[in-house]
Amino acid sequence: MKITYDRFVSIMSAKNKPAAVVKPGDTVVFETRDCFGSQYKHGNEDESDIDKSLINPATGPLYIDGAEPGDCLKVTIVDIKLVGKAQMEKRFFFEITDGLLIFDGKTTIPINPMVGVIGTAPPVGVDVPTHTPGMHGGNMDCTMITAGALVYLPVNVPGALLAMGDLHAVMGDGEVCGYGAEIAGEVTVRVDIIKGFKHPLPLVEKDGVVAAVASADTLDEACRLAVENMAEYLVNIGYSKDKAMLLLSLKGDLGVCQIVNPLKTARMEFMV
Ligand code: CA
Ligand code: CA
């Protein structure tokens, strides 16, 4: 099953019509445009030729049969394929060869393909543009969301309505200039439903590291929320609240996902 890039949303909403329907355990390919809607080919395009409605598209949404409000949607990132050149701002294009982004004549950067936007529909009546992160996921720009990662998202509406896009060939934590190496591609995921999931969401897991991802108006508040959510996770797996905080202080790593979106995103990592 593949959802092509022409099926996309600009707002994560319970009102979006499903682009496809699958069952839990199914594997789906999301074909994605870059964050500019793949409209720049050379960087000398006229701004008036750019269709603003194609900016920041998230392919989908995918309806998962049996997903009910209160469930958790587990998304396994099976594979990320990149297509074409990467781009930053309007003008800068970068070739990718043999796993390296060719930055300039003297600098190459090993790629680390990641998904910038991945989320479910927020609760009914709460519509969130695809460039904003939140409790539904969305534009988290979390560098842990690479092939092999598990992304746990809330199911707020029947079917969950999963959508994703905004691939980056590589991005540093913080995304300080506002762009990763923006690129089109294909994300292969497996979707599963977990009933009775007790941990705060969204949650990302990769190579034994679990991270609570949180977004807020300020980075301070996002950090506070990420720590609180990860402490709750540790309490849920059997630690006292006091010990959970001690443990996070000793072997947890607090990190910045991004500081450039309408809400800022932090993550509290813990090797379980
Ligand atoms: Ca982004
Ligand atoms: Ca981006």
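Biologist: Let's start with Asp166: is Asp166 buried or exposed?
Modeller: This is a predicted model, and in it Asp166 has a relative accessibility of 6%. The cut-off for buried is under 20%, so Asp166 counts as buried.

Biologist: And which ions does Asp166 bridge?
Modeller: Asp166 bridges the calcium ion (ligand 2) and the calcium ion (ligand 1). Those two ions lie 3.4 Å apart.

Biologist: What about His168, buried or exposed?
Modeller: His168 is buried, as its relative accessible area is 0%.

Biologist: Switching topic: where are the cis peptide bonds?
Modeller: One joins Gly60 and Pro61, with omega about 0 degrees. Another runs from Leu201 to Pro202, and its omega is near -5 degrees.

Biologist: Where do Pro61 and Pro202 sit?
Modeller: Pro61 is in strand S6, residues 58–64. Pro202 is in the loop between strand S18 (182–194) and strand S19 (203–206).

Biologist: Which loops hold Glu175 and Asp207?
Modeller: Glu175 lies in the loop between strand S17 (160–168) and S18. Asp207 is in the loop between S19 and strand S20 (209–216).

Biologist: Are they buried or exposed?
Modeller: Glu175 counts as buried at 4% relative accessibility, whereas Asp207 is exposed, with a relative accessible area of 66%.

Biologist: One more thing, the sheet with S9, S10 and S11: what is the strand order?
Modeller: The order is S9-S10-S11, in an open sheet of 3 strands with antiparallel pairing. Strand S9 (96–97) and strand S11 (108–110) stand at the edges. Each has a single partner strand, so one side of each is left without a neighbour in the sheet.

Biologist: And how many bridges join S10 to S11?
Modeller: There are 3 bridges between strand S10 (residues 100–102) and S11, and the two run antiparallel.

Biologist: Which residue in S11 does Leu100 stand opposite?
Modeller: Leu100 stands opposite Pro110.

Methods. Residues are numbered from 1 along each chain as its sequence is written. Chains are lettered from A and ligands numbered from 1 in the order in which they are written. This is a predicted model: local features need pLDDT of at least 70, side-chain atom pairs count only at pLDDT 80 or more; totals for chains, interfaces and linings use all residues. Side-chain values use heavy atoms; hydrogens and water are left out. Helices (H or I, at least four residues) and strands (E, at least two) are DSSP runs, numbered from the N terminus. Buried means under 20% relative accessible area, exposed over 50%, partly exposed in between (1.4 Å probe, protein chains only). Donors are N, O and S atoms within 2.8 Å of the metal (3.2 Å for Na, K and Ca); water is not among the atoms, so sites may look incomplete. Two strands pair if DSSP finds at least two bridges between them.
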